[in-house]
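Please read the following report alongside the sequence and the 3D view. It is written for someone meeting this structure for the first time.

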Number of protein chains: 2
Amino acid sequence: MYVFLNHRFIAQEKAMLHISDLAIQRGYGVFDFFRLREGVLLYAEDHLQRLIQSAKFMHLECPYTANDMQQILRQLVQTNGIPNAGIRIILTGGYSPDAYEPTTPNFLIVQSPLQIDDNTEPKKVNIITHEFVRDLPEAKTINYSMGIWLLKKIKEQHAHDVLYHQNGIVSEFPRSNIFIVTENDEIITPATNALKGITRKRVLELSCKGYDVKEGTVTLHDIAQAKEVFLTSSTKRIQAVVEIDGKRIGDGQTGDTTRQLLAHLICKEKEYAMATFA
Amino acid sequence: MYVFLNHRFIAQEKAMLHISDLAIQRGYGVFDFFRLREGVLLYAEDHLQRLIQSAKFMHLECPYTANDMQQILRQLVQTNGIPNAGIRIILTGGYSPDAYEPTTPNFLIVQSPLQIDDNTEPKKVNIITHEFVRDLPEAKTINYSMGIWLLKKIKEQHAHDVLYHQNGIVSEFPRSNIFIVTENDEIITPATNALKGITRKRVLELSCKGYDVKEGTVTLHDIAQAKEVFLTSSTKRIQAVVEIDGKRIGDGQTGDTTRQLLAHLICKEKEYAMATFA
């Protein structure tokens, strides 16, 4: 397997960064992650634009345009020959002489096998909550200290994931967005303090299919009252959240809206793939 | 210059980590930093204990005891032959197959030349403020996203550093602790949400010299009313904070207490060095 590291393709096992890199010294960097589906870079424009925006927000200079990256990505996936995969692009703070000031970033792309089936029945998950807001929610930084630190608590409580909130106002999961479906069939996702997820964006676009989907404020109380709750991410698409902190949500079963939206998402993926090949 | 990386001493320029390390992937790791003063590892027990506690808190297994590390450190500094230096020990989340779950940590020690003179006149600094609390203030993690992100703002405002507070309750600087000296000559440092700095600890110990120094609550209002404000860190020892958000603190000059405490700290360092050599 090859990776792309600072302007060249090299064998993955040889892809190293010097210890003076600001990711190692100070956890400073940004990244993005998306799927290769049957050889198609799924929603790559969205992800590359977000990476460029994350870099700009964190005062890091991305060495490539979105077009450059598209070309590098095509070459990489062709060389590796693995049609279903996850693609991770990382931009670090670079080799810093004083271990604090960012310099020219190190840029890397890693491809890892990842097979997601097109099963339209959403997985059911139970979640716990934790009071926290991500440091710089405007950017997709590599800082997952809190999310990883909470893995122990998630396991201890036999949960699948942890939802961040502050004073009861909900923001996001460490690696996913949240939506609720209200009694009035409004579909709402937090407008602030949450990463602008690309799957989240796809769900918001489903308003054109007649769904009343929008950004707004979501509280823990709203979740307790919700008919349905689901999470979204590039690798999970849509999963039904059926339990929070040990309390059942709605009737504890996957709701109709959640199920319909997942079907729409899978459909969209297929359409995107066809359009890209066309 | 040699560094210590995963059980062996290697040339610094060859010290690399594979890109699957969780510091690069997710900014996950802990570290500590202290000074080598004329060949003496200054307050090494305190720093090594804190590193071990940081690792434990972050669910990372430190591969060495404090005694092991003392031995490795002595060998490293002897090999490098640079008597005045900074010593950085980093413990990362390790090479993670799924780029999220911590594994066996990578452990590294880096020595860099660092000369601190014994000038007893404190440097005067002006600071700005930012509303923020460090994610996991109990541990010295490598996550400095916010501190580094704020470098631009610090420069733009011609300041030296930025002080974190939440709703006006002060915690710490990205890399230093804060103390105020009140009108009644109480010397107070924030008790919570701040790293338990080793220089901070040395200042707290000065209560045995008759100073009324203690942990407590410090607000931005307290700072505005304070007679003196100073910051502490291993590399800065004590610096006089004379301006905050463009407003003068006290009479805008270094206070007597700040100056006395710095003299005590330098004295303590010399005593420690002598005791260690004895």
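The model is predicted: local features need pLDDT of at least 70, side-chain atom pairs count only at pLDDT 80 or more, and totals for chains, interfaces and linings use all residues. Residues are numbered from 1 along each chain as its sequence is written, while chains are lettered from A and ligands numbered from 1 in the order in which they are written.

**How the chains meet**

Between the chains, 34 residues of chain B are in contact with 34 residues of chain A, where contact requires that the C-beta atoms of two residues, placed from the backbone, lie within 7 Å. On the side of chain B that touches chain A, at least two residues each come from β3 (16-18), α1 (22-26), β6 (85-92), β7 (107-113), α4 (145-149) and α5 (151-156) of chain B; these names refer to DSSP runs numbered from the N terminus, helices being H or I of at least four residues and strands E of at least two. By class, this side has 20 nonpolar, 10 polar and 4 charged residues, with Ala, Val, Leu, Ile, Met, Phe, Trp, Tyr, Cys and Pro counted as nonpolar, Asp, Glu, Lys and Arg as charged, and the others, Gly among them, as polar.

Chain B is superposed on chain A by a rotation of 180° with 0.0 Å of shift along its axis, at an RMSD of 0.0 Å, and the two copies are thus related as by a two-fold rotation axis. The superposition is by least squares on the C-alpha atoms of residues with pLDDT of at least 70 in both copies. Within chain B, the residue that comes closest to the rotation axis is B:Gly27, whose C-alpha is at 1.9 Å. Because 100% of the interface residues of chain B are also interface residues in chain A, the copies meet through the same surface.

**Strand pairs**

| Strands | Bridges | Sense |
|---|---|---|
| β3(A) and β3(B) | 3 bridges | antiparallel |
| β11(A) and β14(A) | 5 bridges | antiparallel |
| β11(A) and β12(A) | 2 bridges | antiparallel |
| β4(A) and β5(A) | 2 bridges | antiparallel |

In the pair between the chains, A:Leu17 stands opposite B:Leu17.

**Sheet and hairpin of chain A**

An open sheet of 6 strands in chain A has the order β2-β1-β7-β6-β4-β5, with antiparallel pairing. Its edges are β2 (8-11) and β5 (40-41), each with a single partner strand, so one side of each is left without a neighbour in the sheet.

Elsewhere in chain A, 5 of the 5 residues of β11 (residues 177-181) are buried, so this strand is largely enclosed by the rest of the structure; buried means that 20 or more other C-beta atoms, placed from the backbone, lie within 10 Å of the residue's own. A:Asn177, A:Phe179 and A:Val181 point one way from β11(A), and A:Ile178 and A:Ile180 the other way. β11(A) and β12(A) form a hairpin with 4 residues between them, and A:Asp185 in the turn has a positive phi of about 60°.

**A residue of chain B**

B:Ser145 lies in helix α4 of chain B and is buried, with 25 other C-beta atoms within 10 Å. Leaving aside its neighbours within four places in sequence, B:Ser145 is in contact with A:Gly27, A:Tyr28, A:Asp135, A:Leu136, A:Thr141 and A:Asn143.

Note on methods: Two strands pair if DSSP finds at least two bridges between them. A residue is buried if 20 or more other C-beta atoms lie within 10 Å of its own, exposed if 12 or fewer, and partly exposed in between; C-beta atoms are placed from the backbone.
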